[in-house]
Amino acid sequence: MDKNKLIKPILTENALTVLRKRYFIKNDKGEPIETAQDMFLRVAENIAQADLLYDKNADVEKVILQFYEIMASLDFLPNSPTLMNAGRDLQQLAACFVLPVEDSIEGIFEAVKNAALIHKSGGGTGFSFSRLRPNRDKVKTTNGVSSGPVSFMKVFNAATEAIKQGGTRRGANMGILRVDHPDIKEFIKCKADNKEITNFNISVAITEEFMKAYKNKEKYKLINPRNSEVVGEENAEEIFDMIVHYAWKNGDPGIIFIDRINKYNPTPGAGAIEATNPCGEQPLLPYEACNLGSINLANFVTDDKKVDYERLSKIVDISIHFLDNVIDMSKYPLQKIDDMVKANRKIGLGIMGWADMLIQLEIPYDSEEAIELAEKLMKFIHSEAEKTSSKIAEKRGVFPNFEKSVFKGKKKLRNATLTTIAPTGTLSMIAGCSSGIEPLFAVAYTKTVMDNDKLPEINPYFVKKLKEYNIYNNDLIKEVAETGKIQHIHVIPDEIKRIFVTAHDISPEWHIKMQAAFQKSTDNAVSKTVNFKNEATEEDVKKVYLLAYDLGCKGVTIYRDGSREAQVLTHSVTQSQTKIQLEPRKRPEATFGRTIKIKTGCGNLYVTINEDEQGLCEVFTAMGKSGGCAAAQSGAISRLISVALRAGVNPEVIIKHLRGTRCPAPAWQEGGIVLSCPDAIGIALEKYLHEKSGKKEKFTINSYKEEKFNENCPECGSTLEHEGGCNMCRICGYSKCL
């Protein structure tokens, strides 16, 4: 195929940065050796080969061109593993997996091993721990007692910590426990400390029986999964309030309505659904996987501000063909997964760019008009997807578990499920559109480039609208970039403000209404973060959970702004055009404290930590007999720490940013490794606080685990956004499921 005759992808600089770093094939030096056009062609050529499995005379060149054009035009993109791995040795193309966790040591560690293989191949895993017997339940084979699901979740978490997904990041997990499991209280609280179980999102599987008990203010039964015996009762209202409290506190746990999910299980004869993928949008049977893809709705608005349904129909048709082919072309990590995937042939076509479409149509996100359009649009996409799946079934046959499905005797389909709405964090960066069905995170933000220059990045539709109103100027752009919001800026007309609302401008109820609107025509589930302002109450969270249940959602993920993030050293806010800055208190004349000696690669570092009546107030360092850069840098760091402490910054936050900093000359000390002088200062602070707290356990250097919920990207330093159960960076594409 002549590449010169193919359309050229038009990508933003951010998109190219992400692709170069995470998607393009690289040489031995780590340098990209393909372009965006090469990548899309590589994927198209590989996925089109599946047609030959069903028709030796298939016009593969035509199919390659179709697949290439829907990607290169950014009308459609498959999930990241397909873009990364298609046409390469790994050839693992699915993003979502669910593994069973059996109630035995053999079963548990079989699941750990299988999860490691999936994470190594670039996938994320969901688990239900509901089959495991509760804490302190008897174990006949050893005459001992069980340690319960939460203890084993920590084993899975530790294994995940050691594995990088496809060489790019640690794998993500979803841990689920039924609300009627005897250990439900321990599970709800297991992520109260942000340093615990850091590679898991967690969700409580809510049953209809529980919801009935909650609404009637009754108790409900706890059931031991080992023998299905009732072992106690809990007050449903107390448990629900407990879930709400910890979700309000830091976003975990979420909830899934497990009975509702199984009500819509398309293959009940093949088993019951127990768990979902890490972001919650893909419920799956044990050993099942699913590949996803998303249509960029931003590209389907006509010049006269209408949805281009005719072109959308064509793209849906090609996308379903593409995703069905992916199933046959993927190499799955386990034979059991291969068998289950090909028996049900589930795919998940979703959307991104929804907020962009609404902006172009001049429809406010939080409006009944937007809700009505969401329902109409998703119903259309699902209907067109069904037509294509039926058409493919006529040529290739229905999915093998068709006789065990709800479609038996009704309609012939190639795929047990067709639609899923995923977060699309990185994909939307590549496509240059808004993420999934989320509203805009910000109208603008500030991007830091070389030499610490700060450049405003602003929504192109917003720029266009400002120019239409003849109010575009650099000062206004800078003002918008300062907060990312526009509602407080008087010069901007109300009609523009109404259209360019951001996630925090929209009330939580509208987030749920939008999720519910899309869920009506989505086979699987919908990834959607319900954003709350920091001052939101637990009662606000409770109302949203109940509304999600009443409106037919399959699950809920909430995030209260700042609930997981460290407080920054200084901040500025716009209040009546006045900036407020945090100032440190004066150094006291008398302090008390101690000096701790830490070995570093530069020599012994003596870290002195002092307090006054208000708490920690200063740190200073001395570098043994050596001086030079190491001593100067350590001294500068300690002075900055002192300023931060006297400004009221939590010492734990300071420790988090110091620990893990690496240099070329680490040093071993009893209890672990000291990575650098900043790491040593963090160790000293942590040890000081540990001993001051009176904790009985011995302090060890490696007791610290990397804080999961950084406010800043660990790779480029930009601000992370919380979306769909993940922290993601809009600048470099880094993402980490929480």
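User: In which helix is the place of C677?

Analyst: This is a predicted model, in which local features need pLDDT of at least 70 and side-chain atom pairs count only at pLDDT 80 or more, while totals for chains, interfaces and linings use all residues. Residues are numbered from 1 along each chain as its sequence is written, and side-chain values use heavy atoms, with hydrogens and water left out. Helices (H or I, at least four residues) and strands (E, at least two) are DSSP runs numbered from the N terminus, and C677 lies in helix α23, residues 677-693.

User: Is C677 buried or exposed, and which residues does C677 contact beyond its neighbours within four places in sequence?

Analyst: Buried means under 20% relative accessible area, exposed over 50%, and partly exposed in between (1.4 Å probe, protein chains only); C677, at 10%, is therefore buried. Contact means heavy atoms within 4.5 Å, and, with those neighbours left aside, C677 is in contact with T600, C602, L605, M623 and S634.

User: How many disulfides does the structure hold?

Analyst: A disulfide is a covalent bond between the sulfur atoms of two cysteines. Here the criterion is a pair of cysteine sulfur atoms within 2.5 Å, and the structure holds zero disulfides.

User: Which residue forms a salt bridge with E375?

Analyst: A salt bridge is a side-chain nitrogen of Lys or Arg within 4 Å of a carboxyl oxygen of Asp or Glu. The partner of E375 is K520, with the closest N and O atoms 2.9 Å apart. This pair links distant parts of the chain, 145 residues apart, with E375 in helix α14 and K520 in the loop between α19 and β19. E375 is partly exposed at 29%, whereas K520 is exposed at 59%.
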